[in-house]
Amino acid sequence: MTTASPALSRLPADPSLISLSYRHEHPLKAFEFDDTLEVWTVRARIDADILAEDVAAHGAADQETLDAIEDVAVGRMSFVRVRMFGPDDPFDAMDAYTGDVSRIGERVLDVGRSGFTRDFEEALAHPVGDLLVMDRVILEPAWRGFGLGPVLAGTAIRRLSQGCTAVACEPGSADGREMTEEQHHEAAAKLGRLWSTIGFEPFQDDVHILDCHLQRPQDLLAGRQEEFSVLCRSWRDRHRS
């Protein structure tokens with residue numbers, strides 16, 4: 001998987017300046033499924049102050065130009081942590097959230113016994129813990145095509161999956177584009193291959209899973225991070241020479 005490309009010139013800024021911010025809110029007094037579902041929003045961006053410092057350090061820019069610099073949006077992700085030992089039935093909680101999350105719940109949860117299905121348990125090395133659902137990963141158009149999706153998602157998963165047995169997703173376009181059924185299947189297949197580069201494997205129907213207790217996802221993420229480092233060096237070589 002290669003990230004260096006002649007198209008580097010269209011990247012809006014130095015990718016090494018990207019940072020991830022994590023946001024989760026909940027009321028002190030839980031309502032409905034607040035104690036069972038944790039919804040996390042992760043934003044990838046370049047902070048305006050950091051970018052201004054970088055511009056000032058590597059080029060001639062007046063103060064007016066530096067003051068006009070704004071945050072650069074790179075992408076956004078959403079994850080849902082399903083607490084398997086909470087006060088609510090985990091499937092009821094997933095079913096009440098969105099149709100996408102509910103479909104994943106139908107594949108991995110045994111509604112009758114409020115736990116994982118036997119097929120799901122047999123697919124995992126150690127099927128004990130919470131479930132993390134990778135619900136959405138959306139990159140801004142200017143940042144697509146450089147291999148950023150897997151490294152951003154994999155890094156966020158590493159932060160959010162502590163205490164989880166697996167991560168589940170249903171690959172598919174999430175940016176609202178209208179597509180035919182054939183285009184949807186093509187997009188799902190392409191994304192399935194993309195997410196396999198950080199350890200997701202097909203499970204049932206369109207659901208893919210990443211086993212949090214295996215070494216392989218960690219090794220794959222290390223590979224994606226090295227590719228990201230190559231991308232950053234290539235960008236600097238192109239723009240700082």
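## Reading loops, rings and helix pairs

Modeller: E32 is placed in the loop between β1 (19-23) and β2 (37-46); helices (H or I, at least four residues) and strands (E, at least two) are DSSP runs numbered from the N terminus. This is a predicted model, in which local features need pLDDT of at least 70 and side-chain atom pairs count only at pLDDT 80 or more, while totals for chains, interfaces and linings use all residues. Residues are numbered from 1 along each chain as its sequence is written, and side-chain values use heavy atoms, with hydrogens and water left out.

Biologist: What phi does E32 have?

Modeller: Most residues other than glycine have a negative phi. E32 is not a glycine, yet its phi is positive, at about 50 degrees. E32 is also exposed, with a relative accessible area of 75% (buried is under 20%, exposed over 50%, partly exposed in between, using a 1.4 Å probe and protein chains only).

Biologist: Which residue takes a positive phi in the hairpin of β8 and β9?

Modeller: That is D205, with a phi near 50 degrees in a hairpin that has two residues between the strands. D205 counts as exposed, at 59% relative accessibility. The flanking strands, β8 and β9 (residues 207-211), pair in the antiparallel sense over three bridges; strands pair if DSSP finds at least two bridges between them. Within this pairing, Q204 has V207 in β9 as its bridge partner.

Biologist: How many aromatic pairs are there?

Modeller: There are two; rings of Phe, Tyr and Trp (its six-membered ring) pair if their centres lie within 6.5 Å, with planes under 30 degrees apart called stacked, over 60 edge-to-face and the rest tilted. F120 and F203 make an edge-to-face pair, 5.5 Å centre to centre with 75 degrees between the planes. F120 belongs to helix α5 (residues 118-123) and F203 to strand β8 (residues 201-204), so their pair ties together parts 83 residues apart in sequence.

Biologist: Are F120 and F203 buried or exposed?

Modeller: F120 is buried at 0% relative accessible area, and F203 is buried at 18%. Ring pairs also link F116 with F120 and F203 in a cluster.

Biologist: At what angle do helices α6 and α8 cross?

Modeller: Two packed helices are described by the angle and the distance between their axes. The axes of α6 (residues 148-160) and α8 (residues 216-240) cross at roughly 130 degrees and come within 9 Å. Axes are lines fitted to C-alpha atoms, for helices over the stretch in contact, with angles from 0 to 180 degrees between N-to-C directions.

Biologist: And which residues in α6 and α8 meet?

Modeller: L148, P150, V151, G154, T155 and R158 in α6 meet L221, R224, Q225, F228 and L231 in α8, where contact means heavy atoms within 4.5 Å.
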